[in-house]
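Colleague: I should like to understand the reasoning behind the terms used for this model. Please take me through them.

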Amino acid sequence: MFPAPQSCLLTERYGTTPQHEGAGPALSFEFVPSRTKAQEQRLWQCIRRLEPLSPRFVSVTYGVGGTTRTSTQDTVMRLKRETTLAPAAHLTCVGAPREAVDEMARNYWQAGVRHIVALRGDPPAGQAYTPHPGGYAYASDLVAGLRRIADFEISVAAYPETHPAAMSAAADLDNLKCKFDAGATRAITQYFFDPILYVRFLDRCHAAGVTAPIVPGLMPVTNYTQVARFSAACGVDVPAWLTRLFEGTQNNRELRRTLACVVMAEQVRILQGYGVNEFHISTLNAPEPAHTIAHILGVRPICAGKTDF
């Protein structure tokens, strides 16, 4: 499906070399905070299923317009209290004054949460983004504010296909540089389906002097219709081959899941050929695709006592 790897210096540029020969890739997972008791049960089933894989960290998203602020914070705090995982809390500029955002960051630090995913955030559907009066205007401002509060590890967003609201690809890259200049630790990309888009994006970043880690974000296509709709809204290209691959699978959930795992595993293998070995997987609170992909890539539970066949 994808072009074969070519000679590339990404390993030297971006520090993505595996920790030891033959190691599986470094994985991190993204969870969505719950709104109902049933969703909460599903979320925690997902967390417990993936916890034995010892991901580098797990992140918890923040709803559009700050709508899941409380449930995001509750989930992050419970992850810190009740699991062995290292939680990363999404935090945005939308819908809150600076004092409220700073207070939440301080609460995280006091609870032992050391990693923040700092984002501008999305306004409610149908509305243009407008900075909150007295709040942080953009992600770079939020990063700088977090740096003043404590020595957080700070991840930010990057867009291989350019943010839909950016004036140009060059302006979008300048914005990413501003976030790093403000103190960001790494970037995690918007998901994509063509690995070569990511490789070219890294080349552009390097040419612009950006050498911090830029981790590819990946999303399993377990629901093609949903992913296609979301992709159209956030500027992600859905290749024709992906559309053809999922044709006729609407009523076959198991086939969709199998195809999703094959597609993502192939994405990872291609990127590993370019020297990339860290990946951030959006779970959508469905553990089995992420768990299956991890197994294919050689990431197994640390405490596995025996192998079952």
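Modeller: Let us begin with contact, which means heavy atoms within 4.5 Å. The model is predicted. By that criterion, what covers the buried residues of helix 10 includes helix 7, strand 8, helix 9 (240–245), strand 9 (278–282) and helix 11.

Colleague: Which residues of helix 10 are called buried, and what makes them so?

Modeller: Buried means under 20% relative accessible area.

Colleague: How do you know that the length of helix 10 agrees with its number of residues?

Modeller: Helix 10 covers residues 253–273, which is 21 residues, and at 1.5 Å a residue these should span 30 Å. The end C-alpha atoms are 31 Å apart, so the two values agree. Just after helix 10, G275 has a positive phi of about 95°.

Colleague: What makes the buried residues of helix 4 one face of that helix?

Modeller: The buried residues of helix 4 are V101, D102, M104, A105 and Y108. Seen down the axis, they fall within an arc of 160°, so they line one face. On the other side of helix 4, E99 and Q110 are exposed, a word that requires over 50% relative accessible area. The cover over the buried residues includes helix 3, strand 3, strand 4 and helix 5 (139–149).

Colleague: On which side of helix 2 do its buried residues lie, and how do you know?

Modeller: In helix 2, L43, W44, C46, I47 and L50 are buried. Their arc around the axis is only 155°, which puts them on the same side of helix 2. K37, A38 and Q41, on the other side, are exposed. Strand 1 (26–31), helix 3 (69–82) and helix 11 (287–296) are among the elements that cover the buried residues.

Colleague: What is the order of the strands in the sheet, and why are strand 7 and strand 8 said to stand at its edges?

Modeller: The sheet is open and has 9 strands in the order 7-6-5-4-3-2-1-9-8, with parallel pairing. Strand 7 (214–215) and strand 8 (217–218) each have a single partner strand, so one side of each is left without a neighbour in the sheet.

Colleague: What makes strand 6 and strand 7 a pair?

Modeller: A pair needs at least two bridges.

Colleague: Why is a group of residues called a nonpolar core?

Modeller: The term is used because its members are buried residues of the nonpolar kinds, joined through side-chain atoms within 4.5 Å. The largest such core has 68 residues, and F29, L91, L146, L176 and I214 have the most contacts inside it. Helix 7 (residues 195–207) gives the largest share, 6 residues. Apart from neighbours within four places in sequence, I214 is in contact with A158, L176, A187, T189, Y198, F201, L202 and C205. A second, separate core of 13 residues includes M219, W241, L242 and V263.

How values were computed. Residues numbered from 1 in each chain as written. Predicted model: local features only at pLDDT ≥ 70, side-chain atom pairs only at ≥ 80, totals over all residues. Heavy atoms only, no water. Helix = DSSP H or I, 4+ residues; strand = E, 2+ residues; numbered from the N terminus. Buried < 20%, exposed > 50% of the residue type's maximum accessible area, 1.4 Å probe, protein only. Arc of directions from axis to C-beta. Expected span 1.5 Å × (residues − 1).
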